[in-house]
Amino acid sequence: MKEFINWMADPIRSFPVVTLLYYLMMRYYRIVGTKKFAYISLAVLLPVVVWFCTDPNFVAIILWPDNIPINIIIVLIAWLTWYSLYRCAQNDERLEQGLTPIEATPENREKVWTWPNLVYVELMCMIGTTIFLVVWAIIFKAPLEEPANPTWAPNPAKAPWYFLGLQEMLVYFDPWMAGVVLPGLIVVGLLAVPYIDTNPKGNGYFTIAERKMAMWFFMFGWLVLWIYLIIVGTFLRGPNWTFYGPFEFWDFHKVVAEYNVNLSEFVWVKWLNMPMPHNMIVREFLGIILTAVYVVVLPPLSATTKWGKKLIGDMGKVRYYIFIFLLLGMTSLPIKMVLRWLFSLKYIIALPELELSL
Amino acid sequence: MSGKGFADKVRETQVWKSIFRHGPPNNARNRAAVIAGNVFLHLHPIKLKKSGVQLGYTWCMGGLTFFIFLALTVTGLLLMFYYRPTAEYAYNDIIALKEHVPLGIMREIHRWGAHAMVITVWLHMFRVFMTGSYKPPREFNWGVGVILLVLTLLLSFTGYLLPWDQLAIWAITVGSNMAKATPFLGHGGPGAALAQIGDFVMVSDKNDVRFQLLAGRFVGEPALLRFYILHCVFIPLVVGTLIAVHFWRVRKDGGISAPL
Amino acid sequence: MSEETRQQLNRREFFSFITVGWVAFTAALAGLGSLAFRFTYPNVNFEPEMDFVAGFPTEYENGVDERWKNGFGVWMVKQEGKLVALSNICTHLGCVPNWLPAELKFKCPCHGSGYYMSGINFEGPAPRPLERYKISLNSDGKIVVDKTKIFRYEMGQWDHPDSYIGV
């Protein structure tokens, strides 16, 4: 059983599984967002977690002091995601019946005094957080390793946990993409959200039915591409950034046969049986064409589809193309992951001469 | 005057009355006065919609982020009493903070608080998205929030180097090497190879963005000092300013979001 | 009418003053900004020496020699009659790979890039092979490694006579 879980946890399998779970969760949020579902899944999950915690390797990795925040965030996100789905399901049911969302009922629109209603809530939250932080600080010592030594890298060398999603992307992309362009696109994309999402509904209350598209894209990026990758990068990457299952001992000498091939090698060596051409543009022609198609041809092409036409009608051309561009940036990650897993593809364009590999 | 407790007597002293210029907040007039008359509380409106008070709606994550930011400022200031940002002393000072200083959990509170702040910022953004609170008229404030999110991560990241241990130096090496790959601005990024005139390399490891960040080609003592200044002075100042803008705009954009 | 013209002229003059003022203000800001920017790049910095003497060529066995790794960040690799000074900085994100003698490869702990003994990358995300440093013999017959000069495989620079010494 443990072997099976170790085997399943490898991103090759767990990424599709998580994506599928995400799809089911969003598709059937009316079922997920019920108290009954929450109790049942809690009843199922608690014993599983306890059973997980009987394994010394698993406990060692989750109790590593710098990993504690991730345990906390996993619990909080599981709970808050369920809770938002619960609120969404409630509101959407009311909206279907022609009622207002709960937040818009007359008693909730009523104005109350800030003192004492709000200030006491804030005070309680502050006290609770203070107690939580102090207890956390007493139980777990802040990690301190050996003094800095610039000539010897620890194994594995990890970034702070909130950047481990980016570090995990580095497995699939070059630093200029994973470290600069994609984070830049995340920030720009977040900034652009209120200007792209022209849907006036769902302002100030929980709902999925009234803003399906925004929810589906955002939650995918947030839960699957960000949180899931952080979990992988934290718990499942050991020495040499090799994959280790949750119950696996971090054996420094684990050997993983991995040989990644560039698209240009596929084209010239495997398919055409020719030596690689010297001119780098000729060598990489297929990758360049494919990338150009992805970035330049796909957006206008998508605008001619029924979906694209409807969106352009709703939000106008400028917004639409910005949206599509950001979306392509986001989907480039799963695309590259799948290509790597299926074909051991290293780079679509490999131009180390210009440091421009994709 | 019989039947009055000690508290009532305190309330009637000149000192008390000079500080709180209104009676106890148990009627409408005084409840308004306590919020409007106090420089800290007047961040709040005097009245607000009921949904804005419910934890089920707000999750209180934005408020907690601010609170943790304040807690980090205080603990950070205390830590600065004992910490010297040099390669020679930094590591030993961190050990001293644990062993030679009373209340040896100050660094723990600061470190875990920093993690907690990242968590609360993310969850605050999550909630704001789920309730669609970035929609007009709050688009601009969402943008301010995104910048604050990035700055929070940078604050945490710059603080990561300060203990000057193996964890710190390698996390920063990996992180700052991404700056090296910035297109056109980093010597290891796309475009740098094109910016070359004969033998003269325009973007080299001595003049790219990474050099500016680290004040050198490696993570060394100048980088430690630079990160220290960024962490303790520069970024907190920017964050503080933007927090003021953020809170001001929450009020000006109509308070905590609610159905239109 | 002349009155009116004068007023118009005055107004025009007034606006041109404002323009000049704004241009001067912007220029001053830009100047101060670029000075501040230049200020962040020190003229001198105190980083470790970039060249060192690495003993006699006869001291090296075939294979990878790690004696200069910790002090200078260099592996001496002797293979096929050539001795080269290989950089120990991973071309991916600048971590320091480990030499795994059992598997005859360099393996980077950060993101799992692997390199053959020659320095050529074969696994993981590294975009290009490890760099080689300039290596030469001084008048005493000792090896001198100069880290300021880099030779990169994908640029076809590994054939350069300064990038290796024949042994």
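Predicted model: local features only at pLDDT ≥ 70, side-chain atom pairs only at ≥ 80, totals over all residues.
Residues are numbered from 1 along each chain as its sequence is written, chains are lettered from A in the order in which they are written, and side-chain values use heavy atoms, with hydrogens and water left out.

Chain B brings 88 residues and chain A brings 95 residues to their contact, where contact means heavy atoms within 4.5 Å. The area buried between them is about 8,500 Å², with 73% given by carbon and sulfur atoms; buried area is the accessible area (1.4 Å probe) that two parts lose on being put together, summed over both. Of the area that chain B buries against chain A, Trp112(B), Trp122(B) and Gln166(B) supply 10%, more than any other three residues. Two salt bridges are found across this interface, each requiring a side-chain nitrogen of Lys or Arg within 4 Å of a carboxyl oxygen of Asp or Glu. Lys135(B) forms a salt bridge with Asp197(A), and their closest N and O atoms are 3.4 Å apart.

Within chain A, Leu263(A), Val267(A), Trp268(A) and Trp271(A) of helix 12 meet Phe285(A), Leu286(A), Gly287(A) and Leu290(A) of helix 14. Helices here are DSSP runs (H or I, at least four residues), numbered from the N terminus. Helix 12 of chain A (residues 263-271) and helix 14 of chain A (residues 285-303) pack at an angle of about 135°, with axes 7 Å apart.

How values were computed:
Axes fitted to C-alpha atoms, helices over the stretch in contact; angles between N-to-C directions. Helix = DSSP H or I, 4+ residues; strand = E, 2+ residues; numbered from the N terminus.
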